[in-house]
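Welcome! Have a look at the structure shown here, and then let us walk through a few of its features together.

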Amino acid sequence: MRSKRTFDTLILEGGSLRCAFTAGVLDTFAVVGYNRFQHYYAVSAGTMALTSFLSGQRKHFIDVACHMVEDGEFIRFSSAFREEGLMNLAHLFDHVRRNRPLDIEGAAAAASGKEVRMVTTDFDTGKPLYLEPNADNWLRIMWASSTLPMVTRGRIKVEDRWMFDGGISDALPLQAALDRGSRNILVIRTRPSGAHIEKGWMDTFATYWYRENPAIVALYNEGHTAYNKIVDRLASGGEGRAQWTEIAPLTPLRSDGYRVNAGYLLQDYHLGMASALDWLDSTQ
């Protein structure tokens, strides 16, 4: 498949179960053999979608996600203030390890000679970290990038540093990619292009919960503003020698939120597939 334009960088927005859409896009890319990227940036659940894409395990993300929302152990509102949080990532990773193991060696081999960055947030400073995983720490970094206070286990230690969800500090790592020389960037979104977010009740609660850590409080107070600025920047389509484009749902996804079933996930997955095919057709 030949394209009028070659994209050197792939950025995957996070969004927990909304990444069913991302999985649909990437599985479609896998089917048609579209993967010319040299740089990959993934945030939160986007790291798991990216891993299955690099390892060649089509449908891994959607199959695991559908099982999780139906088994009654992954999402529990009664556990929001317990150690594992509302979403039990330990249960998720245990299920993957036992029943649907990711081919980490295969993913690492596919990434050889390329750049893979998974975004986490330093728990002490609130700064984003762009970690380059290897076969030994891949799963640990993936877990750290996806863990959120109250929603999941609050933080994970990687290489003697406490970290948590990269989506809090840099949900759309466009500038990080530009700083490393990216010039043609494809961003796979899990929210509609141009859609702004507002500070939510969980952000407000987190500012109280972490009131002794000013860096974390600032993230939750100002994170929606920083996110919206990047959303507006993406709408420009490029700056100077750098260009970018988005694959995004036209309307909010069915899997947005915590009261989600397998049917909603599959709808968003198939929407991602259709969106990928439309985008691929438009690039020919």
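## Arg-189 and its surroundings

In this predicted model, the side chains of Arg-189 and Tyr-227 make a polar contact of 2.9 Å. To find Arg-189, go to the loop that runs between β7 (184-188) and α9 (201-209). Is Arg-189 buried or exposed? Arg-189 counts as buried, because its relative accessibility is 0%, and buried means under 20%.

Gly-46 sits 143 residues from Arg-189 in sequence, yet their C-alpha atoms are 9.8 Å apart in space.

Which residue does Arg-189 meet in a salt bridge at 2.7 Å, N to O? The partner is Glu-246, joined through the side chains. Glu-246 belongs to strand β9, while Arg-189 is in the loop between β7 and α9, so the pair ties together parts that are 57 residues apart in sequence. Both residues of this pair are buried.

There is a wider picture here, too. Glu-13, Arg-189, Arg-191 and Glu-246 form one network, joined by salt bridges that share partners.

## Other salt bridges

How many salt bridges does a search of the whole structure find? The search finds 9. One of them pairs Asp-256 with Arg-18, whose closest N and O atoms are 3.3 Å apart. This pair links distant parts of the chain: Asp-256 is in the loop between β9 (242-247) and α11, and Arg-18 is in the loop between β1 (9-12) and α1 (19-32), 238 residues apart.

The two partners have unlike surroundings. Asp-256 is partly exposed, with a relative accessible area of 43%, whereas Arg-18 counts as buried at 7% relative accessibility. Another salt bridge forms between Glu-239 and Arg-233, with 2.7 Å between the closest N and O atoms. Glu-239 is partly exposed, as its relative accessibility is 36%.

## Helix α2 and its end

Now turn to helix α2, which covers residues 46-55. Why is α2 described as largely enclosed by the rest of the structure? Because 10 of its 10 residues are buried.

The side chain of Ser-55 makes a polar contact of 2.7 Å with the side chain of Gln-57. Setting aside neighbours within four places in sequence, Ser-55 is in contact with Asp-103, Gly-106 and Ala-107. Just after α2 comes Gly-56, with a positive phi of about 80°.

Which residues make a nonpolar surface patch of about 250 Å²? They are Val-31, Val-32 and Leu-277.

Leu-277 has its place in helix α11, which spans residues 262-282. With a relative accessible area of 48%, Leu-277 is partly exposed.

Conventions. Residues are numbered from 1 along each chain as its sequence is written. This is a predicted model: local features need pLDDT of at least 70, side-chain atom pairs count only at pLDDT 80 or more; totals for chains, interfaces and linings use all residues. Side-chain values use heavy atoms; hydrogens and water are left out. Patches are made of residues with over 30% relative accessible area and no salt bridge: like charges are joined within 9 Å, nonpolar side chains (Val, Leu, Ile, Met, Phe, Trp, Tyr) within 5 Å. Accessible areas come from the Shrake-Rupley method with a 1.4 Å probe; for residues, only the protein chains shown count as cover. A salt bridge is a side-chain nitrogen of Lys or Arg within 4 Å of a carboxyl oxygen of Asp or Glu. Helices (H or I, at least four residues) and strands (E, at least two) are DSSP runs, numbered from the N terminus. Buried means under 20% relative accessible area, exposed over 50%, partly exposed in between (1.4 Å probe, protein chains only). A polar contact is a pair of N or O atoms within 3.5 Å; within protein, one must be able to donate a hydrogen and the other to accept it, and residues adjacent in sequence count only if both atoms are side-chain atoms. Contact means heavy atoms within 4.5 Å.
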